[in-house]
Amino acid sequence: MLSATLFLSFAASALAARPFLNEPDTGSVQGASANWLARIDDALAGFAANRTLPPLENIIGLPDFEWAARNVIPIKNYTYYRNGAAGEWSYRNNLEVFSRFRLRPRVMVDITNIENTLNTTILGQNFSAPFYISPCARADYAHPEAEAGLVKAAAAGNILYMPALYAHLNIEEIAAARPENGTTFQQVYLNANDTATAEIFKRAEAAGSKAIVYTADSAADGNRHRALRYGVGSADSSYTPSSWEYYKKLQTMTTLPIIIKGIMTVEDAQLAVDNGAPAIVLSNHGGRQLDGSPSSLEVALEIHEQAPGIFQKIEVYADGGVRYGADALKLLALGVKAVGIGRPMMYANAYGAEGVLHAINILKKELALDAGNMGVADLKKIDASYMKWNSAASNGWYSR
Ligand SMILES: Cc1cc2nc3c(=O)[nH]c(=O)nc-3n(C[C@H](O)[C@H](O)[C@H](O)COP(=O)(O)O)c2cc1C
Ligand SMILES: *[C@@H]1O[C@H](CO)[C@@H](O)[C@H](O)[C@H]1NC(C)=O
Ligand SMILES: *[C@@H]1O[C@H](CO)[C@@H](O)[C@H](O)[C@H]1NC(C)=O
Ligand SMILES: *[C@@H]1O[C@H](CO)[C@@H](O)[C@H](O)[C@H]1NC(C)=O
Ligand SMILES: *[C@@H]1O[C@H](CO)[C@@H](O)[C@H](O)[C@H]1NC(C)=O
Ligand SMILES: *[C@@H]1O[C@H](CO)[C@@H](O)[C@H](O)[C@H]1NC(C)=O
Ligand SMILES: *[C@@H]1O[C@H](CO)[C@@H](O)[C@H](O)[C@H]1NC(C)=O
C-alpha cells in the first residue's frame, strides 16, 4: 500500500512537472506584464475573449487549428473530434512518440530543389505531397459545408481525401462537391451483410472513388470516456465480425483495390501481404478505439526491424498524431509512402475549405523546410539512415 502510494505521488509530480500540452507552448509569457508575445493564448487572447476565429495568417502550425476551432464550436462538437479512448494514453502517445526519436540530419547537400520533389503516387494516383486527409466522420460538427470543405480543399491542394462512410454528407453528395480534378478513396465499415456491402461498393464505384479503405481496427465499440460525457460516442457501435477469408471475399465484390486501415502489428502487416492487400494503413484510429494500442511510428519501427521488405511489397501508409513536417518525415524515413492527417483537418474545416487548404499548405511548407534541414535533396530518396532508431526510447510510454 505504502509503496503504491509513494509511486502514485511520484507519478503525479512527474505529470505536474511535465504536463501534457494539447497545443505547444512555443515560448511562454509568464504574467501580463511581458511586452513580447509568443504563446497562442497570449498572442490570440482577443479572439479567445470574443470567441471568434483568428485570421488564417495567425494560424502558424497545424496544432493552432485545434485552438481556433475549440474557441468557436460548441464543447460537444469539439469533444467528438478531440476524444481518445479511456485514459487517452494512446492519444497522447501518438503525439509524443515523435519526440522520442531523433533525426540524423546530413549537411553539405544541395537541397534547393526539395519543394519540387514532394509529389508522389498513392496506388497509382498522382498527388502533390505524401500526405492525405484521413477519413473522419461528422465534418458538420465544425462547419455547415461539412465534408464539402475537405473535398474541395484536397483537390485545390492536390492531395488525396478519404471520405468516411459515416460522414455528414453521403457518398453521392461528397462526389458532387468534389472538383473535377479531385481524387477520393472511400472509407467503409462493413458488417458481413453482403447485400449492403455490394450496395456500398457500387455507390463508391459510381461516385468515382479510386479505392476502398476498409477499416479493420474497430471490431468493437471504442471505449470513449470523454465522448460519453457529451453523448458523442462512436458512430460505429456494434461488435463487427471480420476475418482474412472475409477480406478475400470482399476483393471479389469490387473492381477497386481494398486498402486495410488499422494495422497495428508486423504479423498483421505480413498477413495483409499474404492475402493480397495492395496497401495498408498503420493506425490506431487516432487513439480513439483501444487505449494501449501503439502509435503508427512504433508499428512502422516494428516492421522496419522484423520484416522491412513489407515496405517494398505493398504500399504502407500511416496516421495518428502527425502535426509537423518532421513527424511525417520520421514515418517516411522508415518506408511509409504517405501519412494521414485526421483531427487537424477537421479543426481547420471550422474555417471551411479555405482553412483546410491553409493546413495543407502549412504541412507542405514544413515538409520541404524540414527535409531541407535534414539534408534530403529528393524527398523520394529519404530512408531509415536519416533517423536514429533507439529501441529503448520506443518503450517509453510518454516522453520524459
Ligand atoms: C472525429 C474523428 C472521426 C473519425 N472517424 C473515422 C471513421 O469514420 N473511419 C475511420 O476509419 N477512421 C476514423 N477516424 C480515425 C482517422 O481516420 C485517423 O485514423 C485518425 O484521426 C488519425 O489521427 P490524428 O487525428 O491524430 O491525425 C476518425 C478520427 C476522428 C478524429
Ligand atoms: C475579436 O477580437 C479580435 C482580436 O482582438 C478583433 O480583431 C476582432 O475584431 C474581434 N471581433 C469581434 C467580432 O469583436
Ligand atoms: C513528380 O513531378 C515530376 C515533374 O516535376 C515528374 O517528373 C515525376 O514523375 C513526378 N513524380 C511522381 C512520383 O509523381
Ligand atoms: C500521373 O502522372 C504521370 C506523369 O508524371 C502520367 O503519365 C500518368 O498518366 C498520371 N497518372 C494518372 C492516374 O493520372
Ligand atoms: C455542432 O454540431 C451540430 C451537429 O451535432 C451541428 O448541427 C452544428 O452546426 C455544429 N456547430 C458548429 C458551430 O459547427
Ligand atoms: C485542380 O484545379 C485547381 C484550379 O484550377 C488547381 O488549383 C489545382 O491545383 C488542381 N488540382 C489538381 C489535383 O490538379
Ligand atoms: C442487409 O442489407 C440489406 C440492404 O441494405 C437490407 O435490406 C437487409 O435487411 C440487411 N439484412 C440484414 C440481415 O440485416
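## Before we start

A residue is called near a molecule or strand if one of its heavy atoms lies within 4 Å of it. With that in hand, we can say that ligand 7 is surrounded by N193, A196 and E199.

This is a predicted model, in which local features need pLDDT of at least 70, side-chain atom pairs count only at pLDDT 80 or more, and totals for chains, interfaces and linings use all residues. Residues are numbered from 1 along each chain as its sequence is written, chains are lettered from A and ligands numbered from 1 in the order in which they are written, and side-chain values use heavy atoms, with hydrogens and water left out.

## Ligand 7

N193 also makes a polar contact, which is a pair of N or O atoms within 3.5 Å; within protein, one must be able to donate a hydrogen and the other to accept it, and residues adjacent in sequence count only if both atoms are side-chain atoms. Here a polar atom of the N193 side chain is 2.4 Å from an oxygen atom of ligand 7. On its own, ligand 7 exposes 360 Å², and the protein buries 30% of that. Accessible areas like this one come from the Shrake-Rupley method with a 1.4 Å probe; for residues, only the protein chains shown count as cover.

## Ligand 1

Ligand 1 has 22 residues around it, and P135, T215, D319, G321 and R323 come nearest. Sorted by class, this shell holds eight nonpolar, nine polar and five charged residues. In this sorting, Ala, Val, Leu, Ile, Met, Phe, Trp, Tyr, Cys and Pro are nonpolar, Asp, Glu, Lys and Arg are charged, and the others, Gly among them, are polar.

Which backbone atoms come up to ligand 1? A polar backbone atom of P135 is 2.6 Å from an oxygen atom of ligand 1, and one of R343 is 2.9 Å from an oxygen atom of ligand 1. For A137, a backbone N or O atom lies 3.1 Å from a nitrogen atom of ligand 1. The protein covers 98% of the 600 Å² of accessible area that ligand 1 has on its own.

## Two alanines in one loop

A137 sits in the loop between β3 (131-133) and α7 (147-156); helices (H or I, at least four residues) and strands (E, at least two) are DSSP runs, numbered from the N terminus. Is A137 buried or exposed? A137 counts as buried because its relative accessibility is 13%, and buried means under 20% relative accessible area, exposed over 50%, partly exposed in between (1.4 Å probe, protein chains only). A137 and Y166 are 29 residues apart in sequence, yet their C-alpha atoms are 5.1 Å apart in space.

A146 is also in the loop between β3 and α7, and it is buried, with a relative accessible area of 0%. Most residues other than glycine have a negative phi. A146 is not a glycine, but its phi is positive, at about 50°.

## Other places to look

N158, in the loop between α7 and β4 (160-161), has a positive phi of about 55° although it is not a glycine. With a relative accessible area of 36%, N158 is partly exposed. S293 is found in the loop between β8 (279-282) and α13 (296-306) and is buried at 4% relative accessibility. A polar atom of the S293 side chain lies 2.6 Å from the backbone oxygen of L290.

Finally, find helix α4 (residues 62-72): nine of its 11 residues are buried, so the helix is largely enclosed by the rest of the structure. Among the buried ones are F65, W67 and N71.
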